[in-house]
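My entries follow in the order I made them.

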Amino acid sequence: MTDVLTYHNDNGRTGQTLHEEILTPGNVNSTQFGKLWELPTDGQVMAEPLYAAGVSIPGQGERNVVFVATANDSLYAFDADSTNVFWRASMFGPGEVPYRNLGCLHTGFTNVGITATPVIDRKLGLNGTIFVEAVSCSIMTNGSSNYSTNYFQRLHAIDLGTGLDRVKPVEITASYPGHGENSSDGYVVFDPHRYLERACLLLLNGVVYTAWAGHCDQEPYTSWVMGFDEYSLAQTSVLNLTPNGARGSIWNSGAGPAADTNGNIYVTLGNGTFDNSLDTNGFPSQGDFGNSFVKLTTSSNVLTVADYFAMSNIQYEAASDLDLASGSALVLPIMTDARGKQRQLVVTAAKDQNIYLADTSDMGKYNPTNNNGLYEEITNAFTGMTNGAPPNAAGYTGGIWSAAAYFNGTLYFGPVHGPMTAFPIQAARLSTNSSQSTNIFGYPGATPSISAAGASNGIVWAAETPNDEPDEPTLPLTNAAVLHAYAATNLAFEIYNSNQATNNRDQFGDANKFITPMIASARVYVGTTTGVGVFGLLDPSVLTPLQQWRDDYFGNPSNVGAGANDASPAGDGIPNLIKYALGLDPFTPYTADELTSAGIQQSLGQSYLILNVDRDANPPDVSYLAEVSSDMEAWTSASSNTTTLTNSATQIIVRDNAPVGSGTNQFMRLLFLPVSNP
């Protein structure tokens, strides 16, 4: 699938795009690759852009669309192959304005509108549905100096093709049994003013899940995960992970809840209450999981804690602001260990420079003396890359403030004050790092994304962001975003960065604090403070003739959407590949009779079926295959069955080698096939 419908490509949050047939380490360089254009928006783009190919747009036909959400509560549907805007939708209610982020500017954004990456269901509704969480407020004045503010957190379900609400947005409210911060009458209460949805949305088994952080880290707040039915937006489940304590934000640096194929969800929590006293099952006695790595089950759409891991020095790490929620969970594919046992593993890393690899069947729980219950821990994984400096308070040296990516048996991390780093996995165990980039990323590090064609042509992409953290004055105070690309097999080989071209050709704007490159259909999309930078090939000579034909007609060389081989944008049922092979305009409708003719050839007293196809082109990257059948169900293509009588630049004539017999049916057809990468 070429679509990117959720943060980091899949619910496991691996960050890998495995159907990229155009971009390769051989053509991604400053000569052949660079900025194509910028997509302007009305505010900062904190969420990762999403991509859907072949969306039905009223009056436009099927188009490839990139969806961009802003901190000004706007959602855009851009033509992925130009700068055109199909529609723009505002998430504001009547009389509402953005939630201003005044007094908390170190978060990296001034408005708090849509900060969480949305999620898309292509099958829901007429054209598919995108789910968006947005915050807004209304200010009511009473005289010149008296005013009150109402805050709203809402979940929206928007039609992909029209930008209209599929169902009415739902205002998010919640309560949960407990006596923690902001509790009343035995229930903690969700106050929309106190929370920020920075973690991405998760769509799992028909439920949209949200995970919450304390806005500006200002108490009172607790730790919430909520589920909403994707059809009606009705709330299906609420769970609080610090119900009798405080804090426990699910920050995740723009990433968010990850899920495995069995319907389990994994979240990492920030500093907050953790109950040192455990019940008989080894769980915190009061249900407080602050600074823990938590597994949730979703049976019957009810959220329940199934397992967890907490570090033995959890109180020290919480006191030092070395929490787990600066990173996020990544679910690895099933792996086989050295003894032949299959393992479902989930990994995270955070501010303390350690990598935590948990077996989902037994996360490890809490032991105050050691972490032996954890499947594997790599301590000080990033220390050696930062001149040996230990993690300081808040983990600014070598800590992880980003999400990892996985590709082809390797994990990739982008630590603060460190290089992009690769850690191979062998026999379901992490190995020492195998390669590093030569450049160093300042705060907040970088979240890598991967593009590849299956297991080949792997590229690691990362956006370098500015330092907007006043606690780290030693970092360069630059605002220009930089896109980097590395060979996945060796990060020391940087194949491209957006500073390489002369005259600032590839500069694309100021960067946001947590931005994640999105790769789809030969393009790379990177959010900025004012829109999205779009990168792709500048040199069409690297394309095959078929790819160039698609680029000429559809604005994109990839085998997707209206330009896909099997698509029929003219609505005549004749696929693009046939029209390319015959030199026809894909937008002009034809009938089958206009393309082919059949007849009978007499030879030596026998009658033979022949098929004639006229053409205006003979492209080198398409071949034809003649097939015969007696029932139009079972087709045979052996060379002994047919004979090509003519194969010229203007005509193909093929004869069935079996003479026409009385009382039998005979059919013949011609297939056109790409002879190389489509």
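**Cysteines**

I looked for disulfides, meaning pairs of cysteine sulfur atoms within 2.5 Å, and the structure holds zero. The model is predicted, so I note the terms: local features need pLDDT of at least 70, side-chain atom pairs count only at pLDDT 80 or more, and totals for chains, interfaces and linings use all residues. Residues are numbered from 1 along each chain as its sequence is written, and side-chain values use heavy atoms, with hydrogens and water left out.

Buried means under 20% relative accessible area, exposed over 50%, and partly exposed in between, with a 1.4 Å probe and protein chains only. Cys-137 counts as buried because its relative accessibility is 4%. Cys-200 is buried too, at 0%.

**Arg-655**

I found Arg-655 in strand β49, residues 651–656. Strands here are DSSP runs (E, at least two residues), as helices are (H or I, at least four), numbered from the N terminus. Is Arg-655 buried or exposed? It counts as buried, because its relative accessibility is 18%.

I listed its contacts, which are heavy atoms within 4.5 Å. Beyond the neighbours within four places in sequence, Arg-655 is in contact with Gln-601, Tyr-608, Leu-609, Ile-610, Asn-641, Thr-642, Thr-643, Leu-645 and Met-668. With Gln-601 there is also a side-chain to side-chain polar contact of 3.4 Å. A polar contact is a pair of N or O atoms within 3.5 Å; within protein, one must be able to donate a hydrogen and the other to accept it, and residues adjacent in sequence count only if both atoms are side-chain atoms.

**Ser-629**

I placed Ser-629 in strand β47, residues 622–629. At 9% relative accessibility, Ser-629 counts as buried. Which backbone atoms lie by a polar atom of its side chain? I found the nitrogen of Asp-631 at 3.1 Å and the oxygen of Ala-634 at 2.8 Å. Leaving out residues up to four places away, Ser-629 touches Ala-634, Trp-635, Asn-665, Gln-666 and Phe-667.

I traced an open sheet of five strands with mixed pairing, in the order β1-β38-β39-β40-β41. Its edge strands, β1 (16–17) and β41 (490–497), each pair on one side only. Two strands pair if DSSP finds at least two bridges between them. Strands β39 (456–464) and β40 (482–487) are antiparallel, over six bridges. Trp-461 stands opposite Ala-485 in β40.
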